[in-house]
Amino acid sequence: MAYKPTEETRRKGVAKRRRIIDVAHGLLSTGGFAAATVRRTADGAGISTGSVYSYFGSRDELLAELFRELASHEFAVVDQTVRAAEPAARQRLTALVETFARRALHAPQTAESLLFEPVNPLVEAERLNFRRRYHGLIVEILEQGIGDGTLPAQDPEVSARAITGAIAEALMGRLSPEPSEADPETLIANIVTFCIRAVASEQ
């Protein structure tokens with residue numbers, strides 16, 4: 001007779017899986033993906049390495065799930081803030097840049113890992129997917145501004161790629177192990193100014 005898990009067994013399984021991800025998150029937040037080994041994750045969760053593999057087929061799968069969860073949360077916060085901002089395209093783009101940058105600077109190790117740390121192909125695929133989601137959100141903002149005449153005519157796809165890259169590059173030095181001395185709010189204001197000028201200047 002096939003074994004049928006009880007509701008209690010399923011609940012414990014969900015809780016253990018949650019614990020594994022939470023421990024891996026804690027390791028990532030202080031040491032990046034490199035610190036989130038299966039052994040350290042298992043030790044932190046108080047389980048065997050075999051138990052980790054019973055929920056995730058490989059370390060790559062665990063890290064990809066961790067990335068997906070963290071990146072999904074960050075995108076949801078940015079998206080919600082953009083949609084709650086003033087309807088004008090400039091205000092919405094400002095809200096996007098400020099929210100993304102401020103949250104990144106608040107948790108620099110996590111942000112550096114999500115944005116730049118070399119990991120594995122599964123994580124890289126997730127990273128590309130979320131980059132496309134941010135790109136799509138910026139395209140939406142630019143198309144709105146172009147459509148209502150508050151932004152000059154331009155290729156929103158190209159402009160959105162440029163803005164996405166500019167934000168990441170501007171933050172890179174600040175998130176490094178030896179960050180620049182620039183005041184965070186000044187840095188954020190400078191990134192906002194650059195992005196608005198890039199899309200709002202007449203050709």
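## Helix 4 beside helix 7

Helix 4 and helix 7 are roughly parallel to each other, because an angle under 35 degrees counts as roughly parallel and theirs is about 10°. Their axes sit 8 Å apart. Keep in mind that this is a predicted model.

What sort of residues make up the contact of helix 4 with helix 7? By class, there are 13 nonpolar residues, 10 charged ones and one polar one.

## Helix 5 against helix 7

Helix 7 also packs with helix 5, and here the axes come within 8 Å and cross at roughly 160°. Anything over 145 degrees counts as roughly antiparallel, so helix 5 and helix 7 are roughly antiparallel to each other. As for handedness, the crossing of these two helices is left-handed.

Which residues do the touching? From helix 5 come Ala 89, Arg 92, Leu 93, Leu 96 and Phe 100. Helix 7 brings Tyr 134, Leu 137, Ile 138, Glu 140, Ile 141, Gln 144 and Gly 145 to the contact. Sorted by class, that makes eight nonpolar, two polar and two charged residues.

## The buried side of helix 6

Helix 6 covers residues 108–115, and four residues in it are buried: Thr 110, Ala 111, Ser 113 and Leu 114. Why do they end up on the same side of helix 6? Around the axis they cover an arc of only 165°, which puts them on one and the same side.

So what lies over those buried residues? The cover includes helix 1 (7–31), helix 4 (59–84), helix 5 (89–106), helix 7 (121–147) and helix 8 (156–175).

## The chain as a whole

Stepping back, the protein chain has nine helices and zero strands. Read from the N terminus on, the elements run α-α-α-α-α-α-α-α-α. If you boxed up the C-alpha atoms along the principal axes, you'd need roughly 70 × 45 × 25 Å.

How much of the chain is buried? Of its 203 residues, 41% count as buried. And if you look at contacts between residues at least 6 apart in sequence, 68% of them join residues at least 24 apart.

Definitions and conventions:
Residues are numbered from 1 along each chain as its sequence is written. This is a predicted model: local features need pLDDT of at least 70, side-chain atom pairs count only at pLDDT 80 or more; totals for chains, interfaces and linings use all residues. Side-chain values use heavy atoms; hydrogens and water are left out. Buried means under 20% relative accessible area, exposed over 50%, partly exposed in between (1.4 Å probe, protein chains only). The arc is that of the directions from the helix axis to the C-beta atoms. Contact means heavy atoms within 4.5 Å. Axes are lines fitted to C-alpha atoms, for helices over the stretch in contact, and angles run from 0 to 180 degrees between N-to-C directions. Angles under 35 degrees count as roughly parallel, over 145 as roughly antiparallel, 65 to 115 as roughly perpendicular and the rest as oblique. A crossing is left-handed if the near helix is turned anticlockwise from the far one by less than a right angle, and right-handed if clockwise. Ala, Val, Leu, Ile, Met, Phe, Trp, Tyr, Cys and Pro count as nonpolar, Asp, Glu, Lys and Arg as charged, and the others, Gly among them, as polar.
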